[in-house]
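Here is a short tour of one protein model. Keep the structure in view as you read.

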Amino acid sequence: MRNELQNYEEEIQKLNDQIDSLNNLNATLREVAAAKENELEKIRSSISWKLTAPFRYMGNVCYSLMQKTYFTQCALEAIKILFTKGPREVCHACARFIDRTRNSNDAGLMTESRSNNNKDGYSAYDSVYEENKVFKGQPDVKMLAFYLPQYHTFPENDEWWGKGFTEWTNVKRGDSRFVGHYQPRVPHKDIGYYSLENVSVLAKQAQLAKEHGIYGFCFYYYWFSGKRLMEKPVDMLLKHPEIDLPFCLCWANENWTRAWDGKNKNILIAQEYSDKDDEQFILDMKKYIDDSRYIRINGKPLVMVYNPGQIPDCHKSFAKWRECARKAGIGEILIWTCQTANNNADLLNITDCIDAEVEFPPHNMWLDSIAVRDLDLKGKAAFIFNYQRLVDYQVKKLEEDKKVSVPIHHSCMLAWDNAARRKNEWFTYYAFSLRSLYKWVLAIAKKARKDFDEEERFIFVNAWNEWGEGTYLEPDEKYGYSNINTVSKALYQLPFYDDLCILDEKSEKAEVQVLDKKIAVHAHMFYLETLEETIQNMNYIPGAFDCYVSTDTEEKKAVIEKALRDRCKCEKFQVMVLENRGRDVAPFIVQMTPVIQKYDYVCHIHSKKTKTGEYGNEWRKYIFRHLFGGSEYLQTLFNVFEKNSKVGIIMPETFPVLELQAEWGGNLEGVQALLTRIGCETESLPQDPVFPVGNMFWARVEAILPMFTAGIRQSDFPQESGQVNATIAHQIERSWVYVAEKKGFTYKKVYNNFRHVKNMPGKKRLGIFVHYDKTNIISSEDLETLKAYKGILQDIVFVTNCDLTQQELDKAKPYASDIMKRDNIGMDFGAWKYVLCALGKEKVGEYDELVLFNNSCYAPLYDMNYVFETMESENVDFWGITLFPYLSDGTYIHKECIPEHLQSYFTVYKKNVVNSEAFWEFWEGMPVYENYIDVVGNCESQFTKLLHDAGFSYAPFIKESLYINQYLNNYSIPYEKPTSFVLLGDPLVKKKSKDYVKEEERVKLAYLMEAMKN
């Protein structure tokens, strides 16, 4: 006890000594301040001060006037630079200003379709929570993550910022400054507030990076004339060769200041840039470069510089680096400089002394035209920019593919926000979204593939762990691993949404006992014309189910009850008459509320026949196909539930015709209010909602139960008056997924890829396959196409419009009954004419059907027998896969209009058409046009109308191709939106679509094609 008291007394004495020391320091500072005040008073009392008063007054007036306009502010800034740094720096500053202004103007023009401001429907931070995902293999681009080592204590930080200071000190101080502002950032429990003095932290970071395809880290190298700061992590890495982590160093060559801005005020430690530094820098780097994990490109180690604009003479310094590297035995080095502080290599005139540049967002991206100006910052001053608009601009710039003076390695960032470091005048990128991040990574990866060989294909991300600036790949508490998962999906060229299950004959089916689960189907039958179709689809359910039907009249009820008794396989049914109010939604909730908890699964459907367009029948059939589609298919659908107990809702992919309508559409606030009402309130909803468009889906009852226990009544819905949006029915439709998520469930979308082919009557078919390839080869895709039709077409004539060698022509022999070769005149129509005339009417007339097709498409995604069987039931005279709708403006083809016509890449003609005079008059009289537009204008666009005028009927396999163009505002869907047609069942994808689609669409298309083929 005595020892403890003695220890306490010693501690108290130490504290008293510290208090005395602080009091003495305070007294000294007071004395210094008093002395300075006396000096100021003497100056104010002097004659010279009084004589110069008018000049000071005029100076203040001029200064105030100079602040009036942006132009005069710039002039004032130029004067300051002139007096402090000289005329040369004024020239550099003007060049930077012009460059920044040009970029800002370009960004405004390129992204003008939407404003920057909050009122335009942005979510302040659009993300979702994700668990960790492991990605296999290595991407074909090498992403390096900038790495901040300031997560351990060191004496200088203790002195400057207080004992125990690390970056986490800043991070913990973060606070939300406006509605939706994501602060503070809290690290995920998997990593915690780690210390980089612990080698296991670095090892786990390396493992996480490897699992996500991040090639390596670019450590900031804090070197001040031989003085090192924050060196522990990278030095620790050298001592642990077992950590598999490629790395390089980036000299963080700015002054350290109290403002965290690298400028020349309140300097804590400064860069000197002496002649001696140039040599010493490389010698100090050598131990890192000698490590086998240090990144080399074509044998040369990579040395990066953060701010080349701070180096007095880059030419001199970099030349000395190279010389010293050679002398030290390092050999030739690569010097890459970052585009920072509104500088780039061109503005600095250093393109001839560096090897490449690296983008460093957000530097050089503070663009006035993407500034956000309508946020309530509670009296604070800040610089807010729109992340989504920035990404749109960056992606469009990359697509322009402008010539550059030196190679540029492009970079991306996450939700950059340094509010944790600054109480005022902070910078934030508002409206961050995972989808925009995904698009950005896709774009820089695509550019790297185009610009660099595999060895040099590096891109960057800012950053692995810049927690104080809000941009990090590491997981956080609120959103988990969503950042790094999203980057990885882009690196591995996987779709952004990984929610689609493509189900086919090879998919796993539910066990027999699963089908014993209690199942209910609720169908709202307003249109009785679809009753038989509805019963037919319900009968596919491979097990017992109960059926609940709502309608609006007693007469309809009687018809429905009779049909269910006579033709439905359900164990029991109930038909309820309800007021025509709340569309299908209110009846679903009202009828099912008393009974829903008896069941494990529930399906909701209705007799969809939309009043807002002509697509109602196809929409309903599309949904039914993917919700029912056959007993075997339903077994695979139920397996999605049973295989993952967290799946709460299963719905079809959005009907492609309506994909632009899959939005909040003015319902966001209503959905938020509804979720609060039913006890499922959520802090934020995504900017792009996910919901069963059309309100038909399967659900695990537990996942959606709150909607049925909240006391929602039919009277909550407005009286029916033809509303098309913004009612509680539309809000419930958009709420199901978020109700399920609140209950701990997720959702999946399903796609029915079953293609059952019945025994078709044998038909004798002739196919004429037109081939063209500018490299004069028959590609593997073309051979796959020929192979796919071998069992469907009795004879195939292969005709090529290019100069193939005999060796190439021989490739077609196993599939073609005849091979012809001609000059490339008239394109595919010229070739078809050539073959038809060569064979003659009599020969062609022997066949039951004629198929005209070309090699503009990839091989079919599934068995084309399914397509032929489907079109056989259409009972038309000729058909194709897709149809181009009528357009009143025919300027493109030099005509008055563009008639409705089957697109010519694949068309089929029955015997009666082939033997008609109209058919042969067209082909025999058709000139062989040399111009593409003439072929389209006089051949493709006219042939359908000519045959129709002759009395023949036609139809497209993809019925929606008649009207989808107007709903997607796009008349080049096979080229620019091919996934829309694929989801509608199109088996043929245009090869050239890869040259027209956006990168996100290309990735989704490639995924769908691969999944459907396999």
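The protein exposes about 45700 Å², and carbon and sulfur atoms supply 51% of that area. Accessible areas come from the Shrake-Rupley method with a 1.4 Å probe; for residues, only the protein chains shown count as cover. This is a predicted model: local features need pLDDT of at least 70, side-chain atom pairs count only at pLDDT 80 or more, and totals for chains, interfaces and linings use all residues. Residues are numbered from 1 along each chain as its sequence is written, and side-chain values use heavy atoms, with hydrogens and water left out.

Of the 1014 residues, 55% count as buried. Buried means under 20% relative accessible area, exposed over 50%, and partly exposed in between (1.4 Å probe, protein chains only). The protein has 36 helices and 36 strands. These are DSSP runs numbered from the N terminus: helices (H or I) have at least four residues, strands (E) at least two. Among contacts (heavy atoms within 4.5 Å) with a separation of 6 or more, 77% join residues 24 or more positions apart.

**Two threonines**

Thr534 sits in helix α16 (residues 531-538). Its relative accessible area is 2%, so Thr534 is buried. The side chain of Thr534 reaches the backbone oxygen of Thr530 at 2.8 Å. Beyond neighbours within four places in sequence, Thr534 contacts Ala523, Met525, Ile605 and Phe624.

Thr337 lies in strand β10 (residues 334-339). Thr337 is buried because its relative accessibility is 1%. Leaving aside neighbours within four places in sequence, its contacts include Val305, Phe318 and Ile350. Thr337 and Ile408 are 71 residues apart in sequence, yet 9.6 Å apart in space, C-alpha to C-alpha.

**Cysteines and charges**

How many disulfides does the structure hold? It holds zero; a disulfide is a pair of cysteine sulfur atoms within 2.5 Å. Cys412 is buried at 0% relative accessible area, and Cys680 is buried at 3%.

Salt bridges number 57. The rule asks for a side-chain nitrogen of Lys or Arg within 4 Å of a carboxyl oxygen of Asp or Glu.

| Salt bridge | N to O distance |
|---|---|
| Glu197 and Lys232 | 2.7 Å |
| Arg373 and Asp368 | 2.8 Å |
| Glu874 and Lys959 | 3.2 Å |

Glu874 and Lys959 link distant parts of the chain, 85 residues apart. Glu874 is partly exposed at 30%, and Lys959 is partly exposed at 26%. Elsewhere, salt bridges that share partners join Glu167, Arg421, Glu466 and Glu469 into one network.

Technical notes. A polar contact is a pair of N or O atoms within 3.5 Å; within protein, one must be able to donate a hydrogen and the other to accept it, and residues adjacent in sequence count only if both atoms are side-chain atoms.
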